[in-house]
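Open the model in your viewer and keep the sequence panel alongside. We will go from stop to stop, with something to select at each one.

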Amino acid sequence: MTKLSQDPHVLRDTSEKTLEVAIGREVRAYRRKQNMTVAELSKVTDLSIGMLSKIENGNTSPSLTTLQTLSNALSVPLTAFFRGFEERREAVHTKAGEGVEIDREGTRAGHQYNLLGHIGSNSSGVIVEPYLIVLDSQADVFRTFQHDGIEMIYMLEGEVDYRHGNEQYALKPGDTLFFDADAPHGPETLVKLPARYLSVISYPQKS
């Protein structure tokens with residue numbers, strides 16, 4: 001059994017809602033991003049290791065002077081330390097039948113794409129686009145897609161032979177296909193219609 005590196009059921013401590021803990025988490029994250037140890041950051045900032053540990057653990061409220069020193073040492077704006085505390089956490093609720101129908105390049109008659117929700121720039125650094133795709137009796141085969149990111153398909157109804165690169169996969173209700181979307185991909189043979197499947201595409205935000 002594959003062990004996941006992140007437990008999706010773990011809840012963050014409610015104390016992380018406090019400003020001190022939010023600042024501490026950001027300081028630690030930026031320090032690690034710079035591949036710096038606490039001792040190295042202490043040497044650069046002239047702040048003691050004990051003080052830095054208290055800041056990173058949210059056990060003290062650092063002064064603006066201290067935060068300015070840290071922002072200079074870590075090469076980030078002062079406001080970056082407040083991001084986790086002030087940031088708005090978005091959620092999009094799309095009711096049945098209310099997905100936004102879109103025209104996707106390469107689609108033809110009988111291919112219906114409904115975007116089920118969308119959140120733009122966010123702290124995760126990832127954009128996720130969930131679609132409900134319907135291929136009805138009039139749908140015809142189209143050229144394959146190619147785009148950045150990772151895609152997951154979950155078959156709801158019908159049957160299709162789905163191409164990814166040089167391989168074909170027979171997808172039936174309940175089947176999942178997870179793949180690198182940079183390879184040519186798309187439904188090659190429409191075996192049983194109508195066919196409905198979820199397509200979830202994720203890719204990095206552009207800086």
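**First stop: a glutamate in a strand**

Select Glu129, which is found in strand 3 (residues 126–135); helices (H or I, at least four residues) and strands (E, at least two) are DSSP runs, numbered from the N terminus. Before going on, note that this is a predicted model, in which local features need pLDDT of at least 70 and side-chain atom pairs count only at pLDDT 80 or more, while totals for chains, interfaces and linings use all residues. Residues are numbered from 1 along each chain as its sequence is written, and side-chain values use heavy atoms, with hydrogens and water left out.

Is Glu129 buried or exposed? Glu129 is buried, because its relative accessible area is 16% and buried means under 20% relative accessible area, with exposed over 50% and partly exposed in between (1.4 Å probe, protein chains only).

Now show the side chains of Tyr131 and Tyr203. Glu129 makes a side-chain polar contact of 2.7 Å with Tyr131, and another polar contact of 2.7 Å links the side chains of Glu129 and Tyr203. A polar contact here is a pair of N or O atoms within 3.5 Å; within protein, one must be able to donate a hydrogen and the other to accept it, and residues adjacent in sequence count only if both atoms are side-chain atoms. Setting aside residues up to four places away in sequence, Glu129 touches Leu115, His118, Ser199, Val200, Ile201 and Tyr203, where contact means heavy atoms within 4.5 Å.

**Second stop: Tyr131**

Stay in strand 3, where Tyr131 also lies. Tyr131 counts as buried because its relative accessibility is 7%. Draw a distance from Tyr131 to Val200: they are 69 residues apart in sequence, and their C-alpha atoms are 6.2 Å apart in space.

Select strand 4 (residues 150–164) and strand 5 (residues 167–171), which pair in the antiparallel sense over 5 bridges; two strands pair if DSSP finds at least two bridges between them. Asp161 has Ala170 in strand 5 as its bridge partner. In this hairpin 2 residues sit between the strands, and Gly165 takes a positive phi near 60°.

Move to helix 1 (residues 19–33), whose 15 residues reach 21 Å from first C-alpha to last, close to the 21 Å expected at 1.5 Å a residue; the expected span is 1.5 Å times one less than the number of residues. Buried residues in helix 1 include Val21, Ile23, Val27 and Tyr30.

Next, pick Leu70 in helix 4 (residues 64–74). Leu70 counts as buried because its relative accessibility is 0%. Leaving out residues up to four places away in sequence, Leu70 touches Val27, Leu41, Thr45, Leu47, Leu52, Ile55 and Phe81.

**Last stop: the whole chain**

Zoom out and colour by pLDDT, the predictor's confidence in each residue, from 0 to 100. The chain averages a pLDDT of 80, and 73% of the residues score at least 70. Select residues 13–17, where pLDDT stays under 50, then residues 104–109, where pLDDT also stays under 50.

The chain holds 5 helices and 7 strands, running from the N terminus as α-α-α-α-α-β-β-β-β-β-β-β. Of its 207 residues, 33% count as buried.
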